[in-house]
Amino acid sequence: MQMDSKLQTVCENYARIRDNIAEAAVKSGRSPEDIAFMAVTKTVDPVLVNAAIDCGISLLGENRVQEWQSKKDAYRPGVPVDFIGALQANKVKYLIGQIRLIHSVDRMSLAQEIEKQAAKHDLTQEILLEVNIGGEETKSGAAPAEIPALLEQIGALGHVHVCGLMTIPPPTTDTRYLEAMQELFLKTREIPGADMRILSMGMSDDYADAIRFGSNLVRVGSALFGARTYR
Ligand SMILES: *Cc1c(COP(=O)(O)O)cnc(C)c1O
């Protein structure tokens, strides 16, 4: 496809997804503004990312530290970027001070490295705990049973703040994993001192269902930008 028509397609996709998000929000008794719509930019040309920003996207999600570093200067300034990919401790230093929210914290050793780097910058890094809700061997994420202990341990750190949960559920139309995440999220909200505001759940194929089950941040890639081509 030519770039011009690609840009137009991104804007059309954006408008359609935004309407679907609004409809799902209203159906679940919330207001459309309560649901954040993240554009997941992996493998996507910065020209297309900027087109999405021009259409109205106000949050970007990056998966790979190196790819983000190579593209970030080409993005329109002023749009917050979240980190959503698997994260190695030795890459944390590249994110702190530049990333709004890290969605993919699933172990104490990673939280401790974030603490160390955030302290160096004299700031508090907001994070989500990633949950492996399907118990899949191939996926990262903490087991649901580990979440309360992680919350307590990270709560003792001075420069890391947990503000919710994130998940990539098993690819199925069965909504039981979404439901299990909603239950876990509601349970963690009741832990004294917890500040659980964000449930990051839902991608191109399941964002409407995810909103039904309490998600307030959906991460959409291919439905917005088209199928990814990996080089
Ligand atoms: C790639 C990715 C997405 C977006 O996936 P799509 O199915 O293309 O919408 C969302 N979240 C994470 C963590 C991803 O890696």
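Just after α2, Gly56 takes a positive phi of about 140°; helices here (H or I, at least four residues) and strands (E, at least two) are DSSP runs, numbered from the N terminus. This is a predicted model, in which local features need pLDDT of at least 70, side-chain atom pairs count only at pLDDT 80 or more, and totals for chains, interfaces and linings use all residues. Residues are numbered from 1 along each chain as its sequence is written, and side-chain values use heavy atoms, with hydrogens and water left out.

Let's step back into α2 itself. Eight of its 10 residues are buried, so the rest of the structure largely encloses α2; buried means under 20% relative accessible area, exposed over 50%, and partly exposed in between (1.4 Å probe, protein chains only). Among the buried ones are Pro46, Leu48 and Cys55. Their cover includes α1, β2 (60–62), α3 (65–71) and α9, where contact means heavy atoms within 4.5 Å.

Now look at α1. The buried residues of this helix are Val10, Asn13, Tyr14, Ile17, Ile21, Ala24 and Ala25. An α-helix has 3.6 residues a turn, so residues three or four places apart point the same way. Gly29 follows α1, with a positive phi near 75°.

Finally, meet strand β6 (residues 160–167). Seven of its eight residues are buried, so β6 too is largely enclosed by the rest of the structure. Strand β5 (residues 125–131) pairs with β6 in the parallel sense over six bridges; two strands pair if DSSP finds at least two bridges between them. Here Ile127 stands opposite Val162 in β6. Three bridges also join β6 to strand β7 (residues 198–200), again running parallel.
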